[in-house]
Amino acid sequence: MDIAEYLAVIDRLCAREFPAERDRSDLVVGGPGYFLAELEASNGLRPGCAERRAGAADDFHALKEALSEVLDARKGRRQQPWGMLTLRVRRARGEAIPEPWSELSLRTDELNLWEPDETGRWLAVGVADRDPADGIQLLAVVTDMGPP
């Protein structure tokens, strides 16, 4: 996909009703109050190839920033990058973190985040690259609840 296709996915998610229960269709996971979409994924990265993985992660972060610049023009200036470490610490201490934030805290280190517009929905994009045994994904999140 390219940025125009990513934007089309985000627009569709902003317009859809959230599911009443957690559900998965294609590359979108939805639940009460959120959608989490995998916009792009790495293929063929094997564990143990750290140099190749680091290069792919850099490419995905550059893609996230390119998408974010377009979203800035459409939605207004984004907030400072939203770090996920605090949510991981709170989760490790036993605090219940609501979805999609709990899953995002385990998969990403930070998100680019936009406050609600006329849709009343928050938007975030991030790169899931925390698990070296897993592929790398560019994620988009549409939710009706801000970060906890």
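Which exposed residues does the face of α1 turned away from its buried side carry? The structure considered here is a predicted model, in which local features need pLDDT of at least 70 and side-chain atom pairs count only at pLDDT 80 or more, while totals for chains, interfaces and linings use all residues. Residues are numbered from 1 along each chain as its sequence is written, and side-chain values use heavy atoms, with hydrogens and water left out.

The face in question carries Ala4, Arg12 and Ala15, where exposed means over 50% relative accessible area, buried under 20% and partly exposed in between (1.4 Å probe, protein chains only). The buried residues of α1 are Tyr6, Leu7, Val9, Ile10, Leu13 and Cys14. Seen down the axis of α1, these buried residues fall within an arc of 160 degrees, so they line one face of the helix; the arc is that of the directions from the helix axis to the C-beta atoms. Helices (H or I, at least four residues) and strands (E, at least two) are DSSP runs, numbered from the N terminus.

The pairing of β4 with β5 (residues 108-114) is antiparallel over 2 bridges, and Trp82 stands opposite Leu111 in β5.

Within strand β7 (residues 137-143) lies Val142, which counts as buried at 0% relative accessibility. Beyond its neighbours within four places in sequence, Val142 is in contact with residues including Ile10, Leu13 and Cys14. Val142 and Ala124 are 18 residues apart in sequence and 6.7 Å apart in space, C-alpha to C-alpha.

Two backbone features complete the picture. Most residues other than glycine have a negative phi, and most peptide bonds are trans. Asp26, in the loop between β1 (23-25) and β2 (28-31), has a positive phi near 50 degrees. A cis peptide bond joins Glu99 and Pro100, with omega about 10 degrees.

Definitions and conventions:
Contact means heavy atoms within 4.5 Å. Two strands pair if DSSP finds at least two bridges between them.
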